Amino acid sequence: MSDTFDITDRSGLELMQAVLNGDIPGAPMARTLGFAPYSVDEGKVIFRGIPNEGSTNPHGVVHGGWYGTLLDSCMACAVWTKVPTGSTYTTLEYKVNIIRPIKLGTQIEAIGITNHAGRSTGIAHGEIRGVKDDRLYATGSTTCIIMKMQ
């Protein structure tokens, strides 16, 4: 895996596929929080992860920030797969709806799907589902800004 790479000569889809393949590093936070890319297609990204004790709040349940980070990651990366060469993106805002608690040790999928990617904004929605039981644990939506790099 290379420690340096030039993001200006690749599309978002190419970059996200390079992260999936281990050719370039992904977000350090993903390693810290125990999730990684599982599938990358144009307009759709899936992360898989397992919350551990480090993901809990003082009450011993999975912290809402863990849900939010996974949803922000899968939704924004789904938008990234639609960003052309010479542009970049970042999250403007996102919303999370937690439906039920995730038990520690449960493997989940965070699925992000792009609804729109234009010249300056991208919109996506996402879900967190159990891998084994397909239960819906949370949903989310995001708006990202898409910017040309100088």
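Reply: Beyond its neighbours within four places in sequence, Thr-142 is in contact (heavy atoms within 4.5 Å) with Met-75, Ala-76, Thr-91, Glu-93, Tyr-94, Gly-122, Ile-123 and Ala-124. This is a predicted model, where local features need pLDDT of at least 70, side-chain atom pairs count only at pLDDT 80 or more, and totals for chains, interfaces and linings use all residues. Residues are numbered from 1 along each chain as its sequence is written, and side-chain values use heavy atoms, with hydrogens and water left out.

Me: Why is Thr-142 called buried?
Reply: Buried means under 20% relative accessible area, exposed over 50%, and partly exposed in between, with a 1.4 Å probe and protein chains only. Thr-142 has 1% relative accessibility, so the residue counts as buried.

Me: What makes the pair of Phe-35 and Phe-47 edge-to-face?
Reply: The whole structure has 2 aromatic pairs. Rings of Phe, Tyr and Trp (its six-membered ring) pair if their centres lie within 6.5 Å; planes under 30 degrees apart are stacked, over 60 edge-to-face, and the rest tilted. For Phe-35 and Phe-47 the centres are 5.4 Å apart and the planes at 80°, so this pair is edge-to-face.

Me: How do you know that Phe-35 and Phe-47 are buried or exposed?
Reply: Phe-35, at 6% relative accessibility, counts as buried, and so does Phe-47 at 5%.
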